[in-house]
Amino acid sequence: MKGLYFSLAILFLFMSCKNDSENPSEETTALNYPITKKVDTVDTYFGEKVPDPYRWLEDDRSEETAEWVKEENKVTFDYLSQIPYREDLKNKLSDLWNYEKLSSPFTEGNYIYFAKNDGLQNQYVYYRKKGENGEEQVFLDPNKFSEDGTISLSTMSFTEDGSLLAYAISEGGSDWRKVIVLDTETLEQIGDTLKDIKFSGVSWYKNDGFYYSSYDKPKGSELSAKTDQHKVYYHKLGTPQSEDELIFGGTPEQKHRYLGARVTKDNKYLIISASISTSGNKLFIKDLSSPNSKWVAIIGTDESDTNVIDNVGSKLYLITDKDAPNRRLVTVDATNPTPENWVDVIPETEFVLNPSTGGGYLFAEYMEDAVSKVLQYDYDGKLVREVELPGIGNAGGFGGKKEDTIDYYSFTNYYTPASIYKFDYKTGTSELYWTPQIQFDSNDFESKQVFYNSKDGTKVPMIITYKKGLELDGKNPTILYGYGGFNVSQYPSFSITNALWLQEGGVYAVANLRGGGEYGKTWHDAGTKMQKQNVFDDFIAAAEYLIDNNYTSKKYLAIRGGSNGGLLVGATMTQRPDLMQVALPAVGVMDMLRYHTFTAGAGWAYDYGTSEDNKEMFSYLKGYSPVHNVKPGVEYPATLVTTGDHDDRVVPAHSFKFAAELQEKQAGSNPVLIRIETDAGHGAGTPVSKTIEQYADIFAFTLYNMGYKVLPSKTKENIKG
């Protein structure tokens, strides 16, 4: 009788933990989406009329839009509150997050500076000390900028002697910045706070003042109105911002969407990078030692990307992809700097070059199929050594001042939290400087790199990370992540949120799609404009690989991406709604016909093209634009759209309109929700507390719609018990 009872108990456990029951979303309160009104706005493109029924949601200042946001959030959070393990995930993520984190140290003036977070602080705190064994003291604490942590530190720039600091802050996640100058000894503010600065660095000229970039404040909403003409200004310390001198931009021949200004370390040259798009730039130089010097074009066309990384007197060191898709390092004299005079220092190789400088050396950083390789050269291009790294993974952060004798770099991969290593420039030796104490055992996990064929036969790499001993039974909850755009490479790096997913038995896969920069300009261009569909095909093929090889199956697959990756998810789920169970588009570019009319969106045209270019480009964009490809009567995957109300990079109207289309046309019972974070932008600077809540909600939604009534880890514990 005792044996029979035991058997029945085991049977009950298996039944109670089974995940292929009815859709759990049916067990929650039925979803009653807000009624989203439709308007009769119609745009005409090359004779074709295109309705835009949710155009009114683009007005981020209207009370009507605010009420819609409120009602949508109410539906979303009511749904999420019914997921039984939502709070458990939040607590687990909080516990996992609660460990000390440290940035690589750097030297400015008489101090060594570093950033530290004691665990759950919303923002990192900057500390400093005099020498390696000096006493640590708080230098700058962004947590005191606001009570809720929504004001963040974005840029720091010290004078060469370290006596002054200019730092920029972001409020509510906006790209608009304020700049404050501090005396680093007294910690007193110097002069007034500069306002309305956007997409800008801060570059000091001696200790007298600095160069920065911004736009004229737009008419209409500062969070969505178009910003089209960037300008470079010089701010002299002790004078009001209204008297700042316009240095570059503001004329028809100098009209660019993005301008960056940088003074060389010896204060001899001012370099201006000028772009109309996110790829390709012109480069200009001015001799600051000569008051009447003119601007000289180093390169006067924007068909390549070229930038100055250092100089020795009049000898400039440039990194360029001109005539070198994988980039090369060249030198040229500033008096005659045009391309025909360039001389290779580090020639192009089969892998993409990312150079840096420090200690009087050049460092050539490569990713060979997502594995770091670092070579050290002298300034004549002579190889000194290959830097011996701690293992197979991603090393980053090489670079320092010429007079430095040591450097610090980080080393990580998808399952190894970043540790900091101390590097001796002369000997080339590395030693462990700091490693985190986290409740995550990297030894329990592994990554595997695979190469799969895309639709056109192109081989695409993907790294799949999971717990050792994973059973390939097609039932593993899996998140497939991708980006595929803007020459941005996806390198292995540790994420606390992904660590929780892995601990729960999840698989995390990252595909290195075309449109990214993993294999240079050729790889990037293969995913742009009329070839953008390659990116979606690469992502679809990645999902099919995971399913065909039994890592997962349709029921246990979620796709995720943010920004351009949000577009990726939106296009993939509308083209292949049968492929995944859950879709997680974050801050996505969803309206491809109008993206260029908001903020700095027109600068993305190198990757996308615009609907105004020509009829062929318009038709191509309309063919994959997520907002325009939601069809009635189609069962789309369970979808959680996420965005922030202060996102002025990819305005939230993209997500609003996409969610409205999906809610109107969704067939079947899969939920379509939008989670709109208040006082949050595109992602950078988001407080830790908000990040934890957001990812707990994302993971809860994902697992719940995969059929999990309890967490996967609990399921396996129960079965083992």
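Student: How many bridges join strand β29 to strand β30?

Tutor: Seven bridges join β29 (residues 406-413) to β30 (residues 416-424), and the two run antiparallel. This is a predicted model, where local features need pLDDT of at least 70, side-chain atom pairs count only at pLDDT 80 or more, and totals for chains, interfaces and linings use all residues. Residues are numbered from 1 along each chain as its sequence is written.

Student: What makes β29 and β30 a pair?

Tutor: Two strands pair if DSSP finds at least two bridges between them, strands being DSSP runs (E, at least two residues) numbered from the N terminus. Seven bridges join β29 to β30, so the pair meets the definition. Ser 410 stands opposite Ile 420 in β30, and a hairpin joins the two strands through two residues.

Student: Why are β16 and β19 called edge strands?

Tutor: An open sheet has the order β16-β17-β18-β19, with antiparallel pairing. β16 (258-263) and β19 (296-299) each pair on one side only. Neighbouring strands of this sheet are turned by 25° against each other on average, direction ignored (axes are lines fitted to C-alpha atoms, and angles run from 0 to 180 degrees between N-to-C directions). Within the sheet, β17 (residues 269-275) and β18 (residues 282-287) pair over six bridges.

Methods: Side-chain values use heavy atoms; hydrogens and water are left out. Helices (H or I, at least four residues) and strands (E, at least two) are DSSP runs, numbered from the N terminus.
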